[in-house]
Amino acid sequence: MKILVIGADGQLGTDLAKVVPKNEFVGLTIKDIDITDKARCLHVIKQHSPDVVINTAAYHHVDKCEDNEAPAFEVNTYGPKYLAQACKAVDCALVHISTDYVFDGKKGKPYVETDAPNPESIYAISKYAGEQCVKYILDKHFIVRSTGLFGTAGCLGKGGGNFVEGMIKRSQTQPELKVVTDEMLSPTYSLDLAGNINELCRTGKYGTYHMVSHGHCSWYEFALEIFKQLGRQIKINEAKAADFKPQARRPKFSALDNANLKKIGLDLMRPWQDALKAYLIEKGHLPAGQAGLKT
Ligand SMILES: NC(=O)c1ccc[n+]([C@@H]2O[C@H](COP(=O)([O-])OP(=O)(O)OC[C@H]3O[C@@H](n4cnc5c(N)ncnc54)[C@H](OP(=O)(O)O)[C@@H]3O)[C@@H](O)[C@H]2O)c1
């Protein structure tokens, strides 16, 4: 099997390179393929003729998307559309990564795949439209929605960091931190996500899948857990999302339930706290084999 990963130097792309067998993996960066270039998409995918394309590329600075809608729609909507058309031309499958933000957050409990999306920001609208284009064009698709990614490479689209690294960095210069309590998510380790995608994309069981680490918490609780696992005493103050005056609206509760993965017996994800511990070890914040953490 030949698996072509787009955005191979991104957070998820870097972890896909670790889990897909080397003899099956082809990693492409924006230098090899800009997904907003329709002709290039067709050319590159024809040239490699893969069995599966995994699209991790996104324009996902959520606030910037509000006033900067052109790149949001180019990368998040037209890009997946061009990829779906190219995949159809060579009869290969497309795994397209999407987001919890397609939901409005009003359900109050984890979303399953049959829940109706209601995106409420330009970023979310552009991602949902991308999903719809993929579904419309290509039967052999996997739409994989995830949330709150943390991986060792950090998120290129958000300045190369992630929430965990951001908290640790801020704690080194600020005596107290302020983190929001009124947005709930399922923090997800991108290495686990990559591993589950690698298995799913071989099944031929096409469709939409939620794929997150198990459980959910607020950003505030996520921050508390990071410092608990690190064994560090940091004062963290509760804040409301509105305190930060974000440009874009974000769902208040966008945890996901891996319902479709469970149905096919392929939910390989673990509780987010365990995934966080593995991440902290992998990133070198905790020694390898750390068993007796102050949890
Ligand atoms: N990060 C999160 O918390 C989160 C949450 C939910 C869903 N997701 C979704 O998960 C996916 C992966 O996220 P991530 O954290 O791995 O993002 P990332 O680190 O920003 O990686 C995205 C990759 O796509 C590349 N890219 C951007 N525009 C491109 C284009 N026009 N053509 C080709 N490649 C392009 C980037 O390269 P350059 O940086 O060099 O442009 C980068 O290598 C995205 O679809 C995102 O929407 C992420």
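The legends below describe close-up views of a predicted model. Local features are reported for residues with pLDDT of at least 70 and side-chain atom pairs count only at pLDDT 80 or more, whereas totals for chains, interfaces and linings use all residues. Residue numbers start from 1 along each chain as its sequence is written.

View 1. Helices (H or I, at least four residues) and strands (E, at least two) are DSSP runs, numbered from the N terminus.

**View 2. The crossing of helix 1 and helix 7.** The axes of helix 1 and helix 7 (residues 190-200) come within 8 Å and cross at roughly 55°. Helix 1 is therefore oblique to helix 7. Axes are lines fitted to C-alpha atoms, for helices over the stretch in contact, and angles run from 0 to 180 degrees between N-to-C directions. Angles under 35 degrees count as roughly parallel, over 145 as roughly antiparallel, 65 to 115 as roughly perpendicular and the rest as oblique. Helix 1 passes helix 7 in a right-handed crossing; a crossing is right-handed if the near helix is turned clockwise from the far one by less than a right angle, and left-handed if anticlockwise. Gln11, Leu12, Asp15, Leu16, Lys18 and Val19 of helix 1 make the contact with Ser190, Leu191, Leu193, Ala194, Gly195, Ile197 and Asn198 of helix 7. Two residues are in contact if their C-beta atoms, placed from the backbone, lie within 7 Å. The contact has seven nonpolar, four polar and two charged residues.

**View 3. The packing of helix 2 on helix 4.** Helix 2 (38-48) and helix 4 pack at an angle of about 35°, with their axes 9 Å apart. The crossing of helix 2 past helix 4 is right-handed. From helix 2, Lys38, Cys41, Leu42, Ile45 and Lys46 meet Tyr82, Leu83, Ala86, Cys87, Ala89 and Val90 of helix 4. This contact has nine nonpolar, no polar and two charged residues.

**View 4. Two loop residues with positive phi.** Ser49 lies in the loop between helix 2 and strand 3 (52-55), and Asp91 in the loop between helix 4 and strand 4. Although not a glycine, Ser49 has a positive phi of about 45°. Asp91, likewise not a glycine, has a positive phi of about 55°. Ser49 is exposed because 11 other C-beta atoms lie within 10 Å, and Asp91 is exposed with 10. A residue is buried if 20 or more other C-beta atoms lie within 10 Å of its own, exposed if 12 or fewer, and partly exposed in between; C-beta atoms are placed from the backbone.

**View 5. Helix 10 and its surroundings.** Trp272, Ala275, Leu276, Lys277, Tyr279 and Leu280 are the buried residues of helix 10 (residues 272-282). They pack against strand 6 (149-150), helix 6 (163-173), strand 9 (188-189), helix 7 and helix 8 (219-230). The axes of helix 8 and helix 10 come within 11 Å and cross at roughly 55°, in a right-handed crossing. Glu225, Ile226, Gln229 and Leu230 of helix 8 make the contact with Gln273, Leu276, Lys277 and Leu280 of helix 10. Gly284, which follows helix 10, has a positive phi near 90°.

**View 6. Two buried tyrosines.** Tyr123 lies in helix 5 (residues 122-137) and counts as buried because it has 27 C-beta neighbours inside 10 Å. Not counting residues up to four places away in sequence, Tyr123 touches His60, Val62, Cys65, Ala72, Tyr101 and Ala248. Tyr189, found in strand 9, is buried with 27 C-beta neighbours inside 10 Å. Beyond four places in sequence, the contacts of Tyr189 are Phe150, Gly151, Ser213, Ala275, Ala278 and Tyr279.

Terms used:
Ala, Val, Leu, Ile, Met, Phe, Trp, Tyr, Cys and Pro count as nonpolar, Asp, Glu, Lys and Arg as charged, and the others, Gly among them, as polar.
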